[in-house]
Amino acid sequence: MKIRLFRTQDTEQIAQLFHETVREVNIRDYSNNQVKAWAPDDIYFRNWSEVCLKRITYIADEEGIIVGFGELEPNGHINCFYCHKNYQRRGVGSQIYQAIEAKALELGLDRLFTEASITAKPFFQHMGFSVVKEQQVTRRGETFTNYVMEKFLSC
């Protein structure tokens, strides 16, 4: 598996990976209505290509199959961060995260932050993040619990 930057031709696999992960993994921690609001039937509810190109998006590529991705914004915000449902707990997320942290240090950032789902919270804690606060957010009429988390980096 290699970690590389997003390319436009990754768009379909990224959209599908996001949709399947939320619908089949996050369903453990959220209701059916919540995951349908989070990952709507229209997998192109966002312009994946445009968003991924605007951000520093790392892809975990297993011989042409995208098994995970993570988006870093220039201010240190980690937006989407997902691992393929069949590649959970295999180090994919850790490798993507290591690329993100290395890039953050290269950019001179001293802090990374995210809003982690209930499902992702243990992963980010394992990566050294602390919970700033629990919050309720609303997406497409459904309210979700997630966690504002941060990690201070030593440059």
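Which residues lie nearest the centre of the largest pocket?

**View 1. The centre of the largest pocket.** Trp38, Phe81, Tyr82, Ser117 and Ala120 lie nearest the centre, among 42 lining residues. This is a predicted model: local features need pLDDT of at least 70, side-chain atom pairs count only at pLDDT 80 or more, and totals for chains, interfaces and linings use all residues. Residues are numbered from 1 along each chain as its sequence is written, and side-chain values use heavy atoms, without hydrogens or water. A pocket is an open set of points on a 1 Å grid over the protein atoms alone, where a 1.4 Å probe fits, with protein on both sides within 12 Å along at least five of seven lines; lining residues have an atom within 4 Å of a point.

**View 2. The lining of the largest pocket.** The space in this pocket is about 1100 Å³. Elements giving two or more residues to the lining include helix H1 (11–24), helix H4 (92–106) and strand E5 (111–117). E4 gives the largest share, 7 residues. Helices (H or I, at least four residues) and strands (E, at least two) are DSSP runs, numbered from the N terminus. By class, the lining holds 20 nonpolar, 15 polar and 7 charged residues.

View 3. The whole structure has 0 disulfides (pairs of cysteine sulfur atoms within 2.5 Å). For Cys52, the nearest cysteine sulfur is that of Cys80, 7.1 Å away. Cys52 counts as buried, at 1% relative accessibility. Buried means under 20% relative accessible area (1.4 Å probe, protein chains only). For Cys83, the nearest cysteine sulfur is also that of Cys80, 12 Å away. Cys83 is buried at 13% relative accessibility.

Technical notes
Points joined across faces, edges and corners; volume = space filled by probe spheres on them. Nonpolar A, V, L, I, M, F, W, Y, C, P; charged D, E, K, R; others polar. Buried < 20%, exposed > 50% of the residue type's maximum accessible area, 1.4 Å probe, protein only.
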